[in-house]
Amino acid sequence: MLETTFLGMKLPNPVMVAAGPWNRDGKGLKESLEAGAGAVVTESIVSDTMLDVRPRISCDRLGAQNIRMYSDIQVEGWEREMDIAKSAGGVVIASVSGHTPSELAYLASKMERFGADAIELSVSNPAAESLEVVASHADILFDMTKEVVSAVSIPVMVKLSQNTTNISKVAKAVKAAGGSGVTAINTVRGILGVDLEKAEPSLSTYGGISGEYIRPLGLASVATIAQTTDIPICGVGGISSAENALEYMMLGASTVQVGTEVMIKGKESIRKIVQNLEIWAQNHNVKNLSEIRGKALDNLKAFDEMKFEPAVSHANGVPCKENCNLCVNACMYNAISRSGDSIRIDRSKCTGCGLCASICPAKKLKIDL
Ligand SMILES: Cc1cc2nc3c(=O)[nH]c(=O)nc-3n(C[C@H](O)[C@H](O)[C@H](O)COP(=O)(O)O)c2cc1C
Ligand code: SF4
Ligand code: SF4
């Protein structure tokens, strides 16, 4: 039911484990596949490995910031790691990172020789200034993609950044250069927080924010690419459940990747997401996930297409003993009041902004269109 073909590769399910230190070697990749991942992506491989800064990861309830850069295994060492990874019998995608087209093409062709099933170009790491710039330049990305595509015979996907002004322009450049697909999105440049007593930012330099914080950004990026560019998309950013994976698919992703959830909860979290995806598909009588791909895009209009019709909250007297009063406090137009065990909405003051309906934990309020 979850089997899918992505860029010509047959996957048992569409949930991949994203590039990162949890996939830093053959053993890590094998464990990800054994936990049920549909495919795995290596931590990004570079031509010049460097020492890791310490500390380089900080996290909180909603996500993480990292300044971990790349794999510390030299490209030659990946021959052995790929043998270990491939012994699990699944699809292994090699993430390669570099500054020039020829450097990327060299790394990609090495990884193809070592058994990689596809290449993911990681040219969008916000912890590395110059790559962040690359991620917004369609012409540079075009040259990089073209050179890699001509150097290998396996599919090439390009990992895009939300830190760009026009993601569809960049995705179009990838397609024009012969790229087979895009992955969206990489981490987003940020600072997780500041320790007030020590006056210290969470890490000693800017880093890439991942996890729940970036899911809305990832969803918007995927939807924009899907609406403007005919290219297969792998959605990534803040996925921690089957529902999150489905959100990405309904906005146009064919497959998804999970990073921070695996980092924080461990690889078994993949099995849970895949199992729940299967249950959801069964319960919704979905035979193949391609049936729901892009389904929510029909309900996603451009702003100029929005209707400016009067819409108001319907509640003249909604019985409510919850007493959370979130709606009363949230209404900026002072339209909501409580009267004993019921919530009253003054229709003459309600402007139909929708906040009360979305904030109500008991889903008691709705907007009449
Ligand atoms: C600690 C850490 C290291 C990462 N390393 C890489 C990397 O080597 N290459 C890459 O393309 N993305 C890397 N990423 C980005 C993830 O693959 C993913 O795009 C991002 O974290 C968003 O997904 P998530 O919210 O599920 O983590 C890393 C993320 C984290 C948190
Ligand atoms: S937000 Fe919902 S549950 Fe809370 S008081 Fe208002 S109607 Fe009741
Ligand atoms: S829709 Fe907006 S304006 Fe109307 S009652 Fe709810 S919060 Fe107030």
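Predicted model: local features only at pLDDT ≥ 70, side-chain atom pairs only at ≥ 80, totals over all residues.
Good morning, everyone. Let's start with the overall layout. The protein splits into two parts: domain 1 covers 4–299, and domain 2 covers 307–368. How far apart do the C-alpha centres of domain 1 and domain 2 lie? The answer is 41 Å. Keep those two ranges in mind as we go.

Next, a helix. Look at α1, residues 26–34. Is helix α1 mostly covered or mostly open? Mostly covered: 7 of its 9 residues are buried. Here are the names. The buried ones are Gly-26, Gly-28, Leu-29, Lys-30, Glu-31, Ser-32 and Leu-33. Note that Lys-30 and Glu-31 are on that list.

So what lies over them?

Now a sheet. Its 4 strands run in the order β5-β6-β14-β11. The sheet is open, and the pairing is antiparallel. Which strands sit at the edges? They are β5 (57–60) and β11 (188–190), each pairing on one side only. From one strand to the next, the twist averages 35°. Zoom in on one pair. β5 and β6 are joined in the antiparallel sense over 4 bridges. For Ser-58, the bridge partner in β6 is Gln-65.

Two of those strands come back at ligand 1. β6 (63–66) and β14 (207–211) each give at least two residues to the shell around ligand 1, and so does α9 (260–265). Which element gives the largest share? That is α9, with 3 residues. There are 28 residues around ligand 1. Coming nearest are Ala-18, Ser-122, Ser-210, Gly-259 and Thr-260. By class, the shell has 11 nonpolar, 13 polar and 4 charged residues.

Last stop, ligand 2. How many residues surround ligand 2? The count is 13. Among the closest are four cysteines: Cys-320, Cys-324, Cys-327 and Cys-360. Glu-322 is also one of the closest. This shell divides into 10 nonpolar, 1 polar and 2 charged residues.

To recap. We have two domains, a mostly covered helix α1, and an open antiparallel sheet of 4 strands. Then come the shells: 28 residues around ligand 1, and 13 around ligand 2. That's the tour. Thank you.

Notes. Residues numbered from 1 in each chain as written. Chains lettered and ligands numbered in written order. Near = placed C-beta within 6 Å. Nonpolar A, V, L, I, M, F, W, Y, C, P; charged D, E, K, R; others polar. Buried ≥ 20, exposed ≤ 12 C-beta atoms within 10 Å, placed from the backbone. Domains from an automatic or database assignment. Pairing = 2+ DSSP bridges. Axes fitted to C-alpha atoms, helices over the stretch in contact; angles between N-to-C directions.
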